[in-house]
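Please read the following account with the model open beside it. It goes from charged side chains to aromatic rings and then to a packed pair of helices.

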Amino acid sequence: MANMMMSTIQIVVAFTSLAVITADKVPVLMWSQSRPLSDLPQTYAGNSIDGKTFLDKYISPLTSKQGHNVVAFVQDKLHMEDFSKYADVYNPFSDGGAFKNIKTLMDDHFSVNLPAVHSPKAVIDGLMKEFKGRVHSVSSPEHVSGLKMEKDKSYLIMVLLPATGQEKNEERAISKNDEKVGEIVKALNKRSIEYTALFTGERAERDTKATFKGRHLLENPDNATSIFVNVSGVMYFYSRSIKVVVVQPMADKANDIRTVIEFPKEGNYSHGMSSWSNNTAMFQLEANATSNTTTEFTFYVMFKFTAEKRVDRWVAVNFTLSVTNTTINKEVIVDEQYMSLKDTEMAMPPIFSYHCSDLTLYPKNMTKESKEYALLKFDGMQFQPFGVRNDQFSEAWDCVGFFTIPIWMGLVPVGIFTVILFVGMYMISQLSTMDRFDDPKGKTITVNVNE
């Protein structure tokens, strides 16, 4: 009977896939407080799961055991960019942002993250029609408390969350849904119900204002606070801000003319020339920007570099920077200027991403006779050209040098105390006892004293 039910669902999914060839790729998060999910296959960034595979490999194992329940949380739309924008994913101490409760559930239980599943809602709808046990639809914790459920039977609980697409503040709407998920899970736990939960959306639609074709930045155009670049899901770049400082040297160095150009956090980016292969990745970012000091001028700024994967590490090489004043007859200020990291090298083990809170690139082989030159400054920069997994940066390898200020603060006092200890021990070692004493049987030594 169970095989017949699953076959029927497979047919429904197959026809759904034919009818919707360009189905949305929606993320699915799964967790369970009682059932290990290690038997479910893992998926990686850039891979997608079709409806039939989702049914056979992920849903069927959950419904095969009698007495185990499935809880599906479904909202109107969900996209991987929602996690990039609202889950505070670039903060290593993040509590999950708008997905606070869901992050806690994923961290504290057996969990699986599926970044791209073709129409998971269609699979769930097919399961509802053919599910052998009882199907419940709930919308609040009170409904969960009132459900009649027997421990030896299986149930499918559908939780349709409020729509987020029409809300002016999408982040707040997602946060409210996250709170509702947490409340319903608490109600299930109070009843000691064994279950596996899914969190997904009906579609992966994005606001057209925030949607770009092909490779693009995943920032929020209406309230952008940083720069994030996703190159085909295999190479990530992030920075809170990027500044180019054009320096025109003067006779007196204190009078050098500096023009600060800041990459815009809204709009005209292009990184279409970036490329990636198994052992080499080339990253290029360009933009039209204005200066903070001379707003009447606009500049075209482009920087690029190559990351090479070696046996035990990957290394970033060949940094170049180009700046053109597009207001004055496209005057080239610097053209393919080679840059260098003054204090450290961008090299780390292949499984790590590179992170630097304050990174400045200087012109390479600059001399006193150099005319105009430019500096490239990154604030909170993180880059990973290889090994991106689960749509997030790997563990960060920080750019601090061998000796940092805190290290010196520890070494200097230890050195001082070591010297004091050494001097003290040396002085103690020079102490000696008397080696001559009076003989008690002999004549005593007398000293005459005249008063």
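Is arginine 240 buried, partly exposed or exposed? Arginine 240 is partly exposed, with a relative accessible area of 39%, where buried means under 20% relative accessible area, exposed over 50%, and partly exposed in between, computed with a 1.4 Å probe on protein chains only. The model is a predicted one, in which local features need pLDDT of at least 70 and side-chain atom pairs count only at pLDDT 80 or more, whereas totals for chains, interfaces and linings use all residues. Residues are numbered from 1 along each chain as its sequence is written, and side-chain values use heavy atoms, with hydrogens and water left out.

The structure holds 8 salt bridges, a salt bridge being a side-chain nitrogen of Lys or Arg within 4 Å of a carboxyl oxygen of Asp or Glu. One of them joins arginine 240 to aspartate 379, with the closest N and O atoms 3.2 Å apart. Aspartate 379 lies in strand β20 (residues 373–384) and arginine 240 in the loop between β9 (235–239) and β10 (241–248), so this pair ties together parts that are 139 residues apart in sequence; helices (H or I, at least four residues) and strands (E, at least two) are DSSP runs, numbered from the N terminus. Aspartate 379 is also partly exposed, at a relative accessible area of 30%.

Another salt bridge lies within a helix, where aspartate 125 pairs with lysine 121 and the closest N and O atoms are 2.8 Å apart. The two residues are separated by about one helical turn, because they stand 4 residues apart in helix α5 (residues 120–130). Aspartate 125 counts as partly exposed at 27% relative accessibility, while lysine 121, at 16%, counts as buried. A further salt bridge, 3.1 Å from N to O, brings together the side chains of arginine 310 and glutamate 308; arginine 310 is partly exposed at 37%, and glutamate 308 is partly exposed at 27%.

Turning to the aromatic rings, the count comes to 21 aromatic pairs, where rings of Phe, Tyr and Trp (its six-membered ring) pair if their centres lie within 6.5 Å, and planes under 30 degrees apart count as stacked, over 60 as edge-to-face and the rest as tilted. Among these pairs, tyrosine 236 and phenylalanine 393 are edge-to-face, at 5.5 Å centre to centre and with 80 degrees between the planes. This pair links distant parts of the chain, with tyrosine 236 in strand β9 and phenylalanine 393 in the loop between β20 and β21 (396–398), 157 residues apart, and both residues are buried. The rings of phenylalanine 352 and tryptophan 397 have their centres 5.4 Å apart and their planes at 75 degrees, so that pair is edge-to-face. Phenylalanine 352 sits in the loop between β18 (347–348) and β19 (353–363), and tryptophan 397 in strand β21, 45 residues apart; tryptophan 397 is partly exposed at 38%.

Finally, helix α4 (residues 100–108) packs against helix α7 (residues 170–190) at an angle of about 45 degrees, with their axes 7 Å apart; axes are lines fitted to C-alpha atoms, for helices over the stretch in contact, and angles run from 0 to 180 degrees between N-to-C directions. The contact, meaning heavy atoms within 4.5 Å, brings Lys100, Asn101, Ile102 and Leu105 of α4 to Asp178, Glu179, Val181, Gly182 and Val185 of α7.
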